[in-house]
Amino acid sequence: MSWAAVIGSPIEHSLSPVLHRAAWDSLEIPQSWVYRRVEVTEDDLPPFMSGLDATCVGLSVTMPCKQAIIPLCDAVDPLAGAVGAVNTVINAGGLLTGFNTDVHGMVAAIRQARSHVGLPAPRSAVVLGARASASSALAALGTLGVTDIQVAARRFGGPGSVVMAATKLGLGIEHILWTRDDDVDAAICQADIVISTMPAGVTDDLASRIMSKGLVPQANATLLDIVYSPLDTPLVQAWRHSGGVIAHGLDMLLHQAALQVQLMTGREPDLSVMERALREALPSGAENSSARQQRAGL
């Protein structure tokens, strides 16, 4: 029996099984293929990886394993190596190769949101956070042609940080301490794109400042908050209230999963089928009408 899985901790909230099963059905892949959720911590990761056999076709990898899994792969795609984060592992004849599809997901989500309102190519951006997902955000911004990049975080050093990723990607970044509210606020109000890679709740104070101070992003500035549960985070709500454009975390999830399916199966899935399954899996009322209209390009 062939199988794939999403691994990480905590994992019970993951919508990856919904997306992959829908894609597999659209490609007429047999029901005997199983896509699982597997709770795997960093400590669990080495024995889990050593126990994989030929029945495993691939893994979707989430936190806290995106960096820890790199030395456990036999090969790593150059982009994933530069970013320092692997979110996809393909098992081909026992050879485990790591890839990063988060970058593709971020680029696709931002392009989709900006194209709906006819925005020009972005020049400047702020990334909130400095770890694995932030490094992917840097690569996404590089793909979009952004050269003026600021990163706001509590710490910038250490293994797997954005500093190392920026060096490997050939990008210059300016550091802003997350604790310096005025500097953070000024940066986001001048950026064409803001990508938040912070965990749920961490940006709530920033959202409050946007609302209470009446901070106004640049005209049609785009926010991508990679948190998708809840869908409308306080930061997303504040950004929308201020007139900004929202690139949804769900769209990032959708596009990165589609590339994962292609890597695992060698076939391109139907995005519309995957998106429909994703919407149906959301709790009732989770996606408000304005969000639905923006996602539909209305």
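This is a predicted model: local features need pLDDT of at least 70, side-chain atom pairs count only at pLDDT 80 or more; totals for chains, interfaces and linings use all residues.
Residues are numbered from 1 along each chain as its sequence is written, and side-chain values use heavy atoms, without hydrogens and water.

Trainee: What area do domain 1 and domain 2 bury between them?

Mentor: Contact means heavy atoms within 4.5 Å. Domain 1 gives 26 residues to the contact and domain 2 gives 30 residues. Buried area is the accessible area (1.4 Å probe) that two parts lose on being put together, summed over both. Carbon and sulfur atoms carry 58% of the total, which is about 2,200 Å².

Trainee: How many salt bridges does the rule find across the interface of domain 1 and domain 2?

Mentor: A salt bridge needs a side-chain nitrogen of Lys or Arg within 4 Å of a carboxyl oxygen of Asp or Glu. The whole structure has nine. Across the interface of domain 1 and domain 2, the count is zero.

Trainee: Which residue forms a salt bridge with Asp-25?

Mentor: Look in helix 1 (residues 16-26), where the two partners are four residues apart and therefore separated by about one helical turn. Helices here are DSSP runs (H or I, at least four residues), and strands are E runs of at least two. The closest N and O atoms are 3.0 Å apart, and the partner of Asp-25 is Arg-21.

Trainee: How are helix 7 and helix 8 oriented to each other?

Mentor: Axes are lines fitted to C-alpha atoms over the stretch in contact, with angles from 0 to 180 degrees between N-to-C directions. Helix 7 (residues 181-190) and helix 8 (residues 204-213) pack at about 75°, axes 11 Å apart. Angles under 35 degrees count as roughly parallel, over 145 as roughly antiparallel, 65 to 115 as roughly perpendicular and the rest as oblique. Helix 7 and helix 8 are therefore roughly perpendicular.

Trainee: Where is Pro-10?

Mentor: The peptide bond from Ser-9 to Pro-10 is cis, with omega near 0°. Pro-10 sits in the loop between strand 1 (3-8) and helix 1.
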